[in-house]
Amino acid sequence: MIPYYHEMLDEEKDELTEAIKTLGNQTYVLERKYDRKVERYLPNRIYRTCERHLDFLKSYFKIAGMELIENRQFGIIHIRTQNLQGDKLSRLTTIFILILKLIFDERMNTASSSIHVYASLNEVYDKIQLFRLWNNKSISITEVRKAIAALKKYQIIEVIDEMGDLEGDTRFIIYPTVNLLFDGNSIEGIIEKYQEDEEEEDMIDGQISSFDEDVSE
């Protein structure tokens, strides 16, 4: 492995170092990414670097107990670990991922050919309400910003519009990366668990309100 690296030109070494840092930071590298400046998908230079040195990178990450996988169907090279680089995703971020996966599947099932999947925050909010995943509580813009930042970091979405105040009509692209995070059974189980949690919380809130009324009397 070491001779392979030392035989490279300095430019190749720099490209490989950049690829390793990118994989370590964001876990997923996409073959094509949306470029807001030109408003279209462009080939990802780092993906090409990973593809060119795939065997070396597989050996490199294997030393750290990680598996490097190339998913040709979705055009993604990624590290497989127990979780996303050890980060603990917030409840709202996980809910967003679940909803984005549902939206992605809906779009792909109704399309006659492969399409790029677009969605808006309002669509996500509507499904959160539909599945009762955030009952009787407003979602703070701070929580939304944190969720969006995590989703962008792991190459799950790309925001098309200016971030600004993240209005309901803010649009974004859902990358096929979302397919690699949960399978159908996992999604169903997590949604049911979150629905149960919300129902229990509503019951507790109702009991507290009733107790407060009794005390005030």
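Phe 56 is buried, with a relative accessible area of 10%, where buried means under 20% relative accessible area, exposed means over 50%, and partly exposed lies in between (1.4 Å probe, protein chains only). This is a predicted model, in which local features need pLDDT of at least 70 and side-chain atom pairs count only at pLDDT 80 or more, while totals for chains, interfaces and linings use all residues. Residues are numbered from 1 along each chain as its sequence is written, and side-chain values use heavy atoms, with hydrogens and water left out.

Rings of Phe, Tyr and Trp (its six-membered ring) pair if their centres lie within 6.5 Å, and planes under 30 degrees apart count as stacked, over 60 as edge-to-face and the rest as tilted; by this rule there are 5 aromatic pairs. The rings of Tyr 4 and Phe 56 are stacked, because their centres are 5.3 Å apart and their planes stand at 20°. Tyr 4 lies in helix 1 (residues 2–6) and Phe 56 in helix 4 (residues 54–63), so this pair ties together parts that are 52 residues apart in sequence. Helices (H or I, at least four residues) and strands (E, at least two) are DSSP runs numbered from the N terminus.

Tyr 60 and Phe 61 form an edge-to-face pair, with 5.2 Å centre to centre and 85° between the planes. Tyr 60 is partly exposed at 35% relative accessible area, whereas Phe 61 is buried at 5%. Tyr 4, Phe 56, Tyr 60 and Phe 61 form one aromatic cluster.

## The nonpolar cores

A nonpolar core is a set of buried Ala, Val, Leu, Ile, Met, Phe, Trp, Tyr and Cys residues joined through side-chain atoms within 4.5 Å. The largest has 37 residues, of which Phe 96, Leu 100, Ile 148, Phe 172 and Ile 174 touch the most other members. Helix 5 gives the largest share of this core, 9 residues.

When residues up to four places away in sequence are not counted, Phe 96 touches Leu 121, Val 124, Tyr 125, Ile 128, Val 144, Ile 148 and Leu 151, contact meaning heavy atoms within 4.5 Å. A second, separate core of 16 residues includes Leu 16, Ala 19, Tyr 47 and Ile 77.

## Thr 177 in its loop

Thr 177 lies in the loop between strand 8 and helix 8 (184–216), and at 0% relative accessibility this residue counts as buried. Leaving aside neighbours within four places in sequence, Thr 177 is in contact with residues including Tyr 28, Leu 30 and Gln 155.
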